[in-house]
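Biologist: I am new to this structure and would like to learn how to read its features. Could we go through them one at a time?

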Amino acid sequence: MTFVVNLFSSILNLQSSITNQQSSILNHQSFHEHRLSETLPSATIYLMNWDLLGHDWAVDLLREHVVKGRLRHAYLFTGPQGVGRRTLALRLAQAINCPQPPSPGEPCRTCRTCKQIEQMQHPDLSIVQAEVEGGTLKVEQVRELQRSLSLTPYEARYRVAILLRFEEANPSASNALLKTLEEPAPQVVLILTAESAEALLPTIVSRCEVLRLRPSPVEQVSQALQARPGMTAEQADLLAHIAAGRVGYALRLSETPELLEQRRAWLDDHQRLLAASRVERFAYAEAIAKDKDALRRAHARRGCVCCADQPGSPTRYRRPF
Ligand SMILES: [Zn+2]
């Protein structure tokens, strides 16, 4: 019951967040799928081959670790989904293992190793994550990872394990990973990502070098999006605002029409509910509460209107919906 009441309350709170954006939702069918790096001038936005929008300080730090041989055994990249945590992790894995860096600490992005890492298919790269976003990362997955990390690298300099959305790990999985962090194997680098350090066990966080990633300025994201073919300034501005400066999420919105459709449907519902009776609002809240999968997907993607406006909260679920 508390859940439903909170849900009802959150519907009311949404009143202030419903804006004229709804009327200008994009004709996203016209978007083209291109990587930003293919369309943007390198200029100041992108840092060489790390190919990231923003996070300059993080790239500088990690590049220095690679160049000076000061790699940590474990890193934790935190920040809201879509901010670039996974991309940064992959770039670090490439920078560590690229056999032909064009300059110190820069992955070439074109060799076989870099391409395999980009596609998350390199034999010395392990990707560990819950089966679905919003699901549970299980202890068996961590144990399987530990077995592979105990082997020497197959062909790269380092074995790299990227554990995505580690806040989804259950307590057994967290405790199992703790052992690996306490007894780090040589030639192994672990990279965890999470919404916030506070969502993880303090004993895990204390064994990682923590890099807290923030959303980029909306104007910068908009500028980057405008370089994409077929993207108008108005469309780019809208996506950048909806994504609240998370360039990864902005790209997903532009490339996944159903996300925008879903958002528009939710906005329609909420606008209609503003004029609805209390009984209708509770009925809606109850129906939503029963659809656990939809709720999980909405929260995991931060695609629901309540979450999209507040990226970076330290808690896993800020509101019940
Ligand atoms: Zn390379």
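Biologist: Which residue of β4 is the bridge partner of phenylalanine 77?

Modeller: This is a predicted model. In general, the strands of a sheet pair through backbone hydrogen bonds, either parallel or antiparallel. Here phenylalanine 77 has threonine 193 as its bridge partner in β4. Strand β1 (residues 74–78) and strand β4 (residues 188–194) run parallel and are joined by five bridges.

Biologist: What is the order of the strands in the open sheet?

Modeller: The order is β2-β3-β4-β1-β5, five strands with parallel pairing. At the edges are β2 (125–128) and β5 (209–212), each of which pairs on one side only. From one strand to the next, the twist averages 15 degrees.

Biologist: Now the helices. At what angle do α3 and α4 pack?

Modeller: Two packed helices are described by the angle between their axes and the distance between the axes. Helix α3 (residues 56–67) packs against helix α4 (residues 85–97) at about 25 degrees, and their axes are 10 Å apart. Angles under 35 degrees count as roughly parallel, so α3 and α4 are roughly parallel to each other. The crossing of α3 past α4 is right-handed.

Biologist: Which residues make the contact?

Modeller: From α3 they are Ala58, Leu62, Arg63 and Val66; from α4 they are Leu88, Leu92, Ala95 and Ile96. By class, the contact of α3 with α4 has seven nonpolar residues, one charged residue and no polar ones.

Biologist: Is threonine 180 buried or exposed?

Modeller: The way to read this is to count neighbours: 20 or more other C-beta atoms within 10 Å make a residue buried. Threonine 180 has 21, so this residue is buried. Threonine 180 lies in helix α7 (residues 171–182). Leaving aside residues up to four places away in sequence, threonine 180 touches Gln146 and Leu149. Leucine 149 is 31 residues apart from threonine 180 along the chain, and their C-alpha atoms are separated by 9.2 Å.

Biologist: Where is aspartate 51 found, and what is its phi?

Modeller: Aspartate 51 is in the loop between α2 (36–39) and α3. Its phi is positive, about 55 degrees, although aspartate 51 is not a glycine. With 20 other C-beta atoms within 10 Å, aspartate 51 is buried.

Biologist: And what is the phi of arginine 109?

Modeller: Arginine 109 has a positive phi of about 70 degrees, although it is not a glycine. Arginine 109 lies in the loop between α4 and α5 (112–118). Arginine 109 has 18 C-beta neighbours inside 10 Å and therefore counts as partly exposed.

Methods
Residues are numbered from 1 along each chain as its sequence is written. This is a predicted model: local features need pLDDT of at least 70, side-chain atom pairs count only at pLDDT 80 or more; totals for chains, interfaces and linings use all residues. Axes are lines fitted to C-alpha atoms, for helices over the stretch in contact, and angles run from 0 to 180 degrees between N-to-C directions. Helices (H or I, at least four residues) and strands (E, at least two) are DSSP runs, numbered from the N terminus. Angles under 35 degrees count as roughly parallel, over 145 as roughly antiparallel, 65 to 115 as roughly perpendicular and the rest as oblique. A crossing is left-handed if the near helix is turned anticlockwise from the far one by less than a right angle, and right-handed if clockwise. Two residues are in contact if their C-beta atoms, placed from the backbone, lie within 7 Å. Ala, Val, Leu, Ile, Met, Phe, Trp, Tyr, Cys and Pro count as nonpolar, Asp, Glu, Lys and Arg as charged, and the others, Gly among them, as polar. Two strands pair if DSSP finds at least two bridges between them. A residue is buried if 20 or more other C-beta atoms lie within 10 Å of its own, exposed if 12 or fewer, and partly exposed in between; C-beta atoms are placed from the backbone.
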